[in-house]
Amino acid sequence: CRNYTALTEGRTPPYAAPEAPAQLSAETLLKTRGPAGVDESAVDRAALRAALAAAPSPPPLPVVPGRLRLDARETSSLRASLRADGCSVHAFVAGAATVAVREGRPEPGTPDLVCGCPVDLRGRTDPPVTVEESTNFVSGVETSVPVPRGADPTEVGRVIKERLDKAIDSGEAERAILQAGQFAAAEPVSVDLVVTNLGPLPEFTAPAGLRVTDFRGYTTTTMHGLLLFVVTSYGGRLSVEITSPEGLLSAQERTALADRTAELLRARTTNQERA
């Protein structure tokens, strides 16, 4: 958007791909984290380079997109309610999504669900990996959490967030991506859902006379059995894209999942208004 706007105004675009990156992302990560906690002899550098350079992976599956979006009042109320409770938006949305997925399954008892959360590593290396070099330098942290019927999404979210914070603080997210085998595995790590939180997005740059009023963060492909929740906030409105592989859920199940997730989110805004 910034490049396009600059071109329409006769200016030099601010972003231009360099002739060659200063160094490969994989090498940057090895340099940053290798000596600190990774056995260099156990790192297959060739496999890692191939994996991070988009080596062949399991065939992607087309998805069926869905979406729920709060209005500005609901979003503000949700944030205020969570702030008063000492809970982050990411934690709560992850908890609400996990509870909604659990309630859509018939298993009795208290099964464990695995919620994955991506971690952007670009700014965690020295030097940082720039957008010209890579826009997708991401690891992930999986959290297994028991989810009984009627579970409190706030408490489930706290477990997920605590695990995520510890993994980031300890460097686990960086070390995990150094295990190149995970990228070429025939089956992905078993997870029930992934919650990607892009957070509040600044207003997009646009040429005079144009204004970007919305942003959608859904993906067009996924892997077998994996539900994706992409969370963004643009223009003061929280949005959750829910994508599922074709055939994983029926139309009725997809609608129920989105409705239940929205219901859990809006329950916090109602509680705040009453308070």
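The paragraphs below treat the nonpolar cores, one threonine, and the cysteines in turn.

This is a predicted model. Its largest nonpolar core comprises 46 residues. Within this core, the residues with the most contacts are Leu193, Val195, Phe229, Val240, Leu257 and Leu265. Helix H5, which spans residues 89–103, gives the most to the core, with nine residues. Leucine 265 illustrates how parts of the chain meet: apart from residues up to four places away in sequence, leucine 265 touches Leu68, Leu78, Phe92, Val93, Ala96, Leu238 and Val240.

Threonine 75 lies in helix H4, which covers residues 72–84. Its relative accessibility is 2%, and because buried means under 20% relative accessible area, threonine 75 counts as buried. When neighbours within four places in sequence are left aside, threonine 75 is in contact with Leu70, Gly236, Arg237 and Leu238.

How many disulfides does a search of the whole structure find? The search finds zero. A disulfide is a covalent bond between the sulfur atoms of two cysteines. For cysteine 117, the closest cysteine sulfur belongs to cysteine 115, at 4.3 Å; because a disulfide requires the two sulfur atoms to be within 2.5 Å, this separation is too far for a bond. Cysteine 117 is buried, at 2% relative accessibility. Cysteine 87 is buried as well, with a relative accessible area of 8%.

Definitions and conventions:
Residues are numbered from 1 along each chain as its sequence is written. This is a predicted model: local features need pLDDT of at least 70, side-chain atom pairs count only at pLDDT 80 or more; totals for chains, interfaces and linings use all residues. Side-chain values use heavy atoms; hydrogens and water are left out. Helices (H or I, at least four residues) and strands (E, at least two) are DSSP runs, numbered from the N terminus. Buried means under 20% relative accessible area, exposed over 50%, partly exposed in between (1.4 Å probe, protein chains only). Contact means heavy atoms within 4.5 Å. A nonpolar core is a set of buried Ala, Val, Leu, Ile, Met, Phe, Trp, Tyr and Cys residues joined through side-chain atoms within 4.5 Å.
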